[in-house]
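The sequence and the structure are shown first.

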Amino acid sequence: MKKKYSGIEKKLSRWGWTFVTPALLFFSLFSFYPIVNAAYTSLFRKKILSLKPPTFIGLKNYAYLLRSDDFWNSIRATFAFTLGAFLPLLVVSLLLAVLILSVKRGQKFLQLAYYAPAVLSSVVAAVIWMSIFDPRGLGNQWLNFLLNTPGTDHKWLADSFMVQLSTILVYFWKYIGYFVVIFIAGLAAIPGSLYEAALIDGADRWQSFWRITFPLLKPTVVLVSVMAMLQCLKTFSTQYLFVQSGSPQAPINVITLNIYNTGIRDHMIGRSSAMSIILFIIMLFFTWLQFKTTKADEVSY
Amino acid sequence: MIKQKFSPLNVLAGLILLGALVFTLVPILFMFSASMMPAKDILRMPFRWIPRGFHWQNFAKAVAGNDGSFIFIRNIANSLFVSSVVTVTTVMLSSLTGYGLAKFRFRGRNFVFLAIMATMMIPFEAIMIPLYLVATKLHLQNSYAGLIVPFLVNAFGVFMMRQYLLPFPEEFLDATRIDGASEPGIFWHIVLPNCAPAIATLSILTFRSQWDNLLWPLLVAQSEKMKTLPLYIVKFAAEKYTDEGAMMAVAVLGSIPMLVLFFSMSQYFVSGASVFSSRKG
């Protein structure tokens, strides 16, 4: 009897392998091989379409990048964008989620309305805002109204500071509802009895937010931070479309755009691979840092 | 939560919520209004939110393109096709793999799971050049296969289906085994139909991310015929004969499939976003 049982176990374990093998093969070929290949290629001087065999140059691609103003500008542009988009996204989406849960009616409607921009594709989002940012468009009209500066052109798509702000605004608009919905799911998991107990003990709303909601929401906050930050670090569509439509490239030349241009337009595969690896390491580092500093321990209610 | 009736704090909360509502919806309203106006009205001050008429020429120009080639139709059809195929393969492979990881014990299972999860840390942007070289070697550039193959399945889908299937009752599976059902049969007839909500959510997430995909088609789709909708929009936006009205008409046409999905299945969009916040099983 025992023998037969282990026979079934064996058969089942074979089926388990059979079911996971196709995906495993896929990930090996389309995720692991390319990242290993990128690390390897980054050590060579290599051009697409070139008949010359690639020459091994060790870490010279990295050395070149670390001395290149263009690359440092990309690092700067990426971090300016990430900080500018990620912090407001985190704070505002948490605030909106808490506020939505505090109203009696229309919670569902508000969630869906905030989420609506996330449904549109990135290029559509960028195109809509490009129209708004037109020198004669609504962006100037609104800002002039707010600042009381009639007739001023704020150069949303031309000025180096404004164009960065514009990309951040497009991104913020597109993703705010997405993170609101995630926070609402996290908040909804906190039992209401905790708040009632706190109320009986005489806590006000402010105290119950900082003493109950915030600590219990920590895992969600960490998760949203990591996700939002990684998303921001690899932003591409908005910047690409803005540059294609005539905005200056330097202020918004984020790393991904630089990888694309170096590799595909200039054919320098080795150098663009080195950039890819640097981006990969930056993303790994920030994920590690965030999980470490915020100690994403599981909470139980 | 306990609610207070009326206080300055509540008024402030209402104002913030209202402000955010205006901020998120006004650009969408702008897209629809502007798509129906002649270009000169779009830049008129003050902006007329309700168009006086329907300037159909915008849509004609959007569909025909500045060169009158009607390539828009082919491009949006490409997007529909590629997104649909990727959705089907992602759902099938994710459930198959998720089922294998959740309900079978085999040596190396944890390693396989961690290896698949590790791919979430590899940004597509960092591997696009090597992937492009692979695609070129396999002669996949400028083909549907080339657009589709790198996205057949993704780690998030596997993770989601595994989490969904973990609590699935083993006794139920064993009972069907004793009845003589084959393992692929159990997967197809028992497991898949029981995953409907998770499948709906994963389908929507996958379809949307493919609909939005710009970077990879930019690399592999060289001919006009193989381009997808985001590439068409980028090209159209950069052409100097494109006016704002036609631009917004393209934006509207390109958004309709997603908006229809959103209005008919909004709960799955929302549950898709909240998958992340469910605590791990």
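Which residue forms a salt bridge with Lys235(B)? In this predicted model, the partner of Lys235(B) is Glu224(B), and the closest N and O atoms of the two are 3.2 Å apart.

## The pair Lys235(B) and Glu224(B)

With a relative accessibility of 22%, Lys235(B) counts as partly exposed. Glu224(B) also counts as partly exposed, at 34% relative accessibility.

## Other salt bridges in chain B

Over all chains, the structure holds 10 salt bridges. One of them joins the side chains of Asp41(B) and Arg52(B), with an N to O distance of 3.2 Å. This pair links distant parts of the chain: Asp41(B) is in helix α2 (residues 39-42) of chain B, and Arg52(B), 11 residues away, is in the loop between α2 and α3 (57-64). Asp41(B) counts as buried because its relative accessibility is 12%, under the 20% limit. Arg52(B), in contrast, is exposed, since its relative accessible area of 62% is over 50%.

A further salt bridge connects Arg177(B) with Asp174(B), whose closest N and O atoms are 3.0 Å apart. Both residues lie in helix α9 (residues 170-178) of chain B, and their separation of three residues is about one turn of the helix. Arg177(B) is buried, at 18% relative accessible area, whereas Asp174(B) is partly exposed, at 36%. Through salt bridges that share partners, Asp174(B), Arg177(B) and Glu183(B) are joined into one network.

## The interface of chains A and B

In the contact between the two chains, 99 residues of chain A meet 91 residues of chain B. The size of an interface is often given as the accessible area lost when the parts come together. Here the area buried between chain A and chain B is about 8,700 Å², and carbon and sulfur atoms give 79% of that area.

Which residues form the one salt bridge that the rule finds across this interface? They are Lys174(A) and Asp212(B), with the closest N and O atoms 3.8 Å apart. Polar contacts between chain A and chain B number nine residue pairs, counted with both residues at pLDDT 80 or more. On the side of chain A that touches chain B, helix α1 (residues 2-41) gives the most, with 20 residues. By class, that side of chain A has 69 nonpolar, 21 polar and nine charged residues.

## The fold of chain A

Chain A has 12 helices and two strands. From the N terminus on, its elements run α-β-β-α-α-α-α-α-α-α-α-α-α-α. The radius of gyration of chain A is 25 Å, well over the 19 Å given by the globule rule for 301 residues, so chain A is more spread out than a compact globule.

The C-alpha trace of chain A spans about 90 × 75 × 30 Å along its principal axes. Of the 301 residues in chain A, 53% count as buried. Among the contacts in chain A with a separation of 6 or more, 69% are accounted for by residues 24 or more positions apart.

Terms used
Residues are numbered from 1 along each chain as its sequence is written. Chains are lettered from A and ligands numbered from 1 in the order in which they are written. This is a predicted model: local features need pLDDT of at least 70, side-chain atom pairs count only at pLDDT 80 or more; totals for chains, interfaces and linings use all residues. Side-chain values use heavy atoms; hydrogens and water are left out. Contact means heavy atoms within 4.5 Å. Buried area is the accessible area (1.4 Å probe) that two parts lose on being put together, summed over both. A salt bridge is a side-chain nitrogen of Lys or Arg within 4 Å of a carboxyl oxygen of Asp or Glu. A polar contact is a pair of N or O atoms within 3.5 Å; within protein, one must be able to donate a hydrogen and the other to accept it, and residues adjacent in sequence count only if both atoms are side-chain atoms. Helices (H or I, at least four residues) and strands (E, at least two) are DSSP runs, numbered from the N terminus. Ala, Val, Leu, Ile, Met, Phe, Trp, Tyr, Cys and Pro count as nonpolar, Asp, Glu, Lys and Arg as charged, and the others, Gly among them, as polar. The radius of gyration is taken over C-alpha atoms; the globule rule is 2.2 Å times the number of residues to the power 0.38. Buried means under 20% relative accessible area, exposed over 50%, partly exposed in between (1.4 Å probe, protein chains only).
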